[in-house]
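The structure is shown first, and the description follows.

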Amino acid sequence: MAVRPTVIWPDPRLREPTVEITQIDDAVRELYRDLCDSMYAENGLGMAAPQLGEARKMFIVEPKLAGRAETDPPLCFMNPEVLETSDEVQDSEEGCLSFPDIYIKVKRPMRCKVRAMGIDGKLFEIEGEALLARCLLHENDHLTGKLLVDFVGPLKRQMIKKKLQRHKDAADVEEAEA
Ligand SMILES: [Zn+2]
């Protein structure tokens, strides 16, 4: 089990181009397990590899949200492709583990269909609606370097930067005191 620190914006690793996964080797399986452990440690609904500083095309989604049993492992999406999105949209607040305590209203399609390779190496397709669609599209955005701040104007972006800098300063003090 390895909980790894989440990469916080504006860390440039969140913008790095991601590389396709061609072979499921030990490093890929370890990345999947670390993503699971780190997501659960932060109570996230999903997490993408760049958030652990790894520029690879992988994200995970919490099993219950993905329509599985709570005790199932998180769903692994490698080299995902968004096949379809609905014209109908949803507009609600979205969070991200790389933006602690920040919530931004983001318009997203109400439904989407995604194809990806699972951790077993098999291709699968999943259709998501409402929060699942939002989560799938959010995590997929991470693999193309698109982030929550890309949905806001420059003024709001500055405010978020300041807020996260304060968050970082507080974390550094905690670390120094520990
Ligand atoms: Zn995110």
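This is a predicted model: local features need pLDDT of at least 70, side-chain atom pairs count only at pLDDT 80 or more; totals for chains, interfaces and linings use all residues.

In what follows, contact means that heavy atoms lie within 4.5 Å.

Helix 1, residues 26-41, lies across strand 1, strand 2 (58-61) and strand 3 (75-85), and helix 1 runs at about 40° to strand 2. These strands belong to an open sheet of 5 strands, ordered 1-2-3-6-7, in which the pairing is antiparallel. Strand 1 (46-48) and strand 7 (123-129) form the edges, each of them pairing on one side only, and from one strand to the next the twist averages 40°. At one end of this order, strand 6 (residues 111-117) runs antiparallel to strand 7 and is joined to strand 7 by 7 bridges; here V114 stands opposite I126 in strand 7.

The metal site comes next. Which residues coordinate the zinc ion? The donors are C96 through SG, and H138 and H142 each through NE2, at 2.0 to 2.3 Å. Along the sequence these donor residues follow the spacing C-x41-H-x3-H.

| Residue | Relative accessibility | Class |
|---|---|---|
| C96 | C96: 11% | C96: buried |
| H138 | H138: 8% | H138: buried |

C96 counts as buried because its relative accessibility of 11% is under the 20% cut-off, and H138, at 8%, counts as buried as well.

Methods:
Residues are numbered from 1 along each chain as its sequence is written. Side-chain values use heavy atoms; hydrogens and water are left out. Two strands pair if DSSP finds at least two bridges between them. Helices (H or I, at least four residues) and strands (E, at least two) are DSSP runs, numbered from the N terminus. Axes are lines fitted to C-alpha atoms, for helices over the stretch in contact, and angles run from 0 to 180 degrees between N-to-C directions. Donors are N, O and S atoms within 2.8 Å of the metal (3.2 Å for Na, K and Ca); water is not among the atoms, so sites may look incomplete. Buried means under 20% relative accessible area, exposed over 50%, partly exposed in between (1.4 Å probe, protein chains only).
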